[in-house]
Amino acid sequence: MTAIPSPTQAVWHLGPLPIRAYALLMLLAVLVGIRVTRRRWVARGGEPGVVGDIATWAVPFGLVGARLYHVATDWQQYFGPGSEPLRAFAIWEGGISIWGAVAGGALGAWLACRRRGIALRDFADAVAPGIALGQAIARWGNWFNQELYGRPTTLPWALEIDPAHRPPGMESTATYHPTFLYESLWDLGVAGFVVWAERRFRLDRGRTFALYAAAYTTGRAWIEWLRIDPAPHILGLRLNDWTALLCFTAAVIYLTATRKAAPADRPGDGLPDGPA
């Protein structure tokens with residue numbers, strides 16, 4: 001049986017300094033997102049330095065938001081009986097969420113945009129494909145950590161998980177759905193789709209970002225359905241499925257409400273040729 005092998009190592013040490021694969025991938029994701037956003041922002045007639053200024057707010061806020069969402073939705077791990085509350089600050093142990101990252105990053109971006117006199121919705125349109133590409137890159141951190149995989153499967157592209165990382169009671173089951181790969185490929189598709197739709201339908205005033213949100217959450221819902229890692233459930237659905245449903249609904253409502261809005265004036269075409 002063929003299978004995708006998992007990395008044998010996710011951390012390397014330079015003396016006392018641990019170098020974590022997930023951290024490197026997150027750094028690369030941020031850099032790619034900033035580069036893509038800068039190119040798109042300049043194509044709209046914006047100043048190149050604005051993107052870096054906003055990123056200095058959005059990235060830290062995004063990291064804090066990502067951790068807060070994880071701790072809040074898995075609070076028993078940190079504040080339940082026999083737990084260690086200080087571990088809530090141990091972000092190097094893992095435990096961050098894209099939902100919190102986007103929400104926290106949006107708050108940081110809003111504060112920075114307000115200081116610069118920029119409409120958040122316009123900046124959100126510029127950043128949307130960059131977020132999707134960053135997500136596609138960062139998801140490979142789950143591969144290195146052998147975490148957040150899906151149900152058991154014997155498909156040719158199944159992911160082989162080492163015994164130490166298998167769920168309790170499933171120690172003899174070696175292969176699972178590679179949800180990290182599914183989401184990474186989906187995110188790449190979302191980035192391309194958003195750029196195409198933006199040019200085809202001249203989306204602006206936050207509609208590009210809304211389309212990204214609707215497209216991403218559509219894929220995240222079925223990927224979440226495959227996952228078997230412990231998660232809070234409400235009415236039989238994982239909490240992240242409800243979050244995806246709420247975000248999708250809000251995005252569709254916004255797209256519907258603004259569908260007849262005239263395109264905003266931009267220097268020239270105002271839209272770049274692609275996401276990179």
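**A tour from the annotated spans to Arg139**

Start by selecting residues 19–37, 49–69 and 89–113, which UniProt, in an unreviewed entry, marks as "transmembrane region". UniProt positions follow the numbering used here, feature names are shortened, and annotations may be inferred rather than shown by experiment. This is a predicted model, in which local features need pLDDT of at least 70 and side-chain atom pairs count only at pLDDT 80 or more, while totals for chains, interfaces and linings use all residues. Residues are numbered from 1 along each chain as its sequence is written, and side-chain values use heavy atoms, with hydrogens and water left out.

Colour residues 19–37 first. This span is 89% helix and 11% strand, and its end C-alpha atoms are 27 Å apart. Move to residues 49–69, which are 100% helix and 0% strand, with end C-alpha atoms 30 Å apart. Helices (H or I, at least four residues) and strands (E, at least two) are DSSP runs, numbered from the N terminus.

Now zoom out to the whole protein. It holds nine helices and six strands, and its C-alpha trace spans about 60 × 40 × 35 Å along the principal axes. Of the 276 residues, 43% count as buried, meaning under 20% relative accessible area (1.4 Å probe, protein chains only), with exposed over 50% and partly exposed in between.

Arg139 sits in the loop between α5 (120–138) and α6 (140–145). Is Arg139 buried or exposed? Its relative accessibility is 11%, so arginine 139 counts as buried. Show its contacts (heavy atoms within 4.5 Å). Leaving aside neighbours within four places in sequence, Arg139 touches Ile98, Leu148, Phe180, Glu183, Ser184, Arg220 and Arg227.

From that list, pick Ser184, found in helix α7 (residues 179–201). Ser184 has a relative accessible area of 4% and is therefore buried. Which residues are in contact with Ser184, leaving aside its neighbours within four places in sequence? They are Ala136, Arg139 and Trp140.

To finish, draw a C-alpha to C-alpha distance from Ser184 to Asp74: the two are 24 Å apart in space and 110 residues apart in sequence.
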